[in-house]
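Hello,

Here is the structure I said I would pass on. Please open it and keep it beside this message while you read.

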Amino acid sequence: MKFTPLKFQASLAAGGVALMPFNYLQFAVPHGKGLIKLSDIPWAELTMSQTTLYLPLIGIMLAFTMINLLFTVVFLKSLMQWLANKEEYHSFISNPSTNIGIFAPIASLSMTANVIWGPLGFFIPQLSSNIQVLMLPSLIFFGFLWFMLLRLEFKVLKIWLSQPVDVSKLNFVWLLDVFAFGLVNLTGSGIAAISSNSEIASIATFGSLFTLSIGLFLFITKLAYLIYLQIKSTRLPEKPVLPAYFLVIPITCLFGLSFYRILMYLHTYFSFDVKILSFFLITFSYVITIGWGIFSLYLLSDYLKNDFAKSDFSPPQWGMV
């Protein structure tokens with residue numbers, strides 16, 4: 001099968017699934033300072049319902065952590081070979097209809113960084129206990145992602161502005177670069193919140209704030225324009241495009257969480273009282289997320305309703321028994 005950068009969506013999705021049980025256990029299970037580890041779970045003190053819940057969550061986390069890391073290695077090898085083929089890369093990146101997919105590897109690699117800190121560290125205590133040792137390499141990796149993200153964004157924007165684009169065909173997949181901004185910001189803000197080295201934390205915070213500003217501007221601009229196109233349209237979006245509507249939900253959560261982590265940095269190093277602002281930020285993010293989720297489900301229900309109405313379930317079609 002021919003390689004495309006969009007294949008990285010598989011490793012990205014696996015990383016997202018691995019992080020969900022980790023985040024749940026991080027907040028549900030009392031443990032010491034820092035990220036939760038497998039050894040922090042008091043198995044002897046758990047109720048039957050807790051054990052029944054935690055065991056499958058840990059199993060899911062382990063399985064999808066391995067899938068994320070395996071897919072990342074496999075796809076990185078294919079990506080290097082694909083980039084070496086200048087003709088294929090140029091054909092992909094110069095096409096305004098497809099070049100948004102170039103951001104999938106950046107998003108996936110950012111997710112993998114968070115998987116290594118969290119789910120992988122959950123199972124490897126040496127990794128979790130030496131998380132501070134990883135902060136400098138993580139900052140360098142964040143710098144690489146940060147640079148590539150901005151370079152690709154300016155390159156893609158230049159192509160969009162220099163070539164005619166059929167705006168009627170723009171859809172919510174157009175937000176894939178904003179999604180990559182959200183994940184890169186999550187990586188940078190994670191370093192800012194976790195690192196005990198003030199210099200590393202400060203550099204990560206500055207880099208995250210810069211890309212947060214650009215990403216937020218792109219998000220508001222693109223989302224407003226896409227909503228305008230949808231209102232202007234006389235019909236619902238095509239079925240293959242509909243799942244992309246849900247992309248707004250993780251983007252909103254990523255930006256909200258990134259800002260929250262930066263507030264944690266300000267509280268740690270500057271003793272700012274961020275309780276009210278943090279509460280407002282998280283609440284605002286969830287309100288937008290829930291509201292957009294209801295809107296997207298409404299569109300989906302309309303499709304299902306229309307499909308059901310168009311279907312003919314008469315006995316002659318089913319066949320007589």
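Is Lys37 buried, partly exposed or exposed? Lys37 counts as partly exposed, because its relative accessibility is 22% and buried would mean under 20%. Please keep in mind that this is a predicted model.

Lys37 has a partner. It forms a salt bridge with Asp40, and the closest N and O atoms are 3.6 Å apart. Asp40 is partly exposed too, at a relative accessible area of 23%.

The count of salt bridges comes to two. Lys222 and Asp177 form a salt bridge as well, with 2.8 Å between the closest N and O atoms. Lys222 sits in helix α8 (residues 198-232) and Asp177 in helix α7 (residues 176-194), so this pair ties together parts 45 residues apart in sequence. Both ends are covered. Lys222 counts as buried at 4% relative accessibility. Asp177 counts as buried at 0%.

Now look at Glu153. This residue belongs to helix α6, which spans residues 135-162. Glu153 is buried, yet it has no salt bridge. Which side chain of opposite charge is nearest to Glu153? That is Lys222, 4.8 Å away. Setting aside residues up to four places away in sequence, Glu153 touches Phe103, Asp177, Phe181 and Leu218. Asp177, in that list, is the salt-bridge partner of Lys222.

Helix α6 also holds Phe147. At 48% relative accessibility, Phe147 counts as partly exposed. Phe147 and Gly207 are 60 residues apart in sequence. In space, their C-alpha atoms are 9.9 Å apart.

Last, the whole chain. What does its secondary structure come to? The protein chain has 11 helices and zero strands. Of the 321 residues in the protein chain, 42% are buried. Take the contacts between residues at least 6 apart in sequence: 82% of them join residues at least 24 apart. The protein chain exposes about 17900 Å², and carbon and sulfur atoms supply 72% of that area.

Best wishes

How values were computed: Residues are numbered from 1 along each chain as its sequence is written. This is a predicted model: local features need pLDDT of at least 70, side-chain atom pairs count only at pLDDT 80 or more; totals for chains, interfaces and linings use all residues. Side-chain values use heavy atoms; hydrogens and water are left out. A salt bridge is a side-chain nitrogen of Lys or Arg within 4 Å of a carboxyl oxygen of Asp or Glu. Buried means under 20% relative accessible area, exposed over 50%, partly exposed in between (1.4 Å probe, protein chains only). Helices (H or I, at least four residues) and strands (E, at least two) are DSSP runs, numbered from the N terminus. Lys and Arg count as positive and Asp and Glu as negative; His and the chain ends are not counted. Contact means heavy atoms within 4.5 Å. Accessible areas come from the Shrake-Rupley method with a 1.4 Å probe; for residues, only the protein chains shown count as cover.
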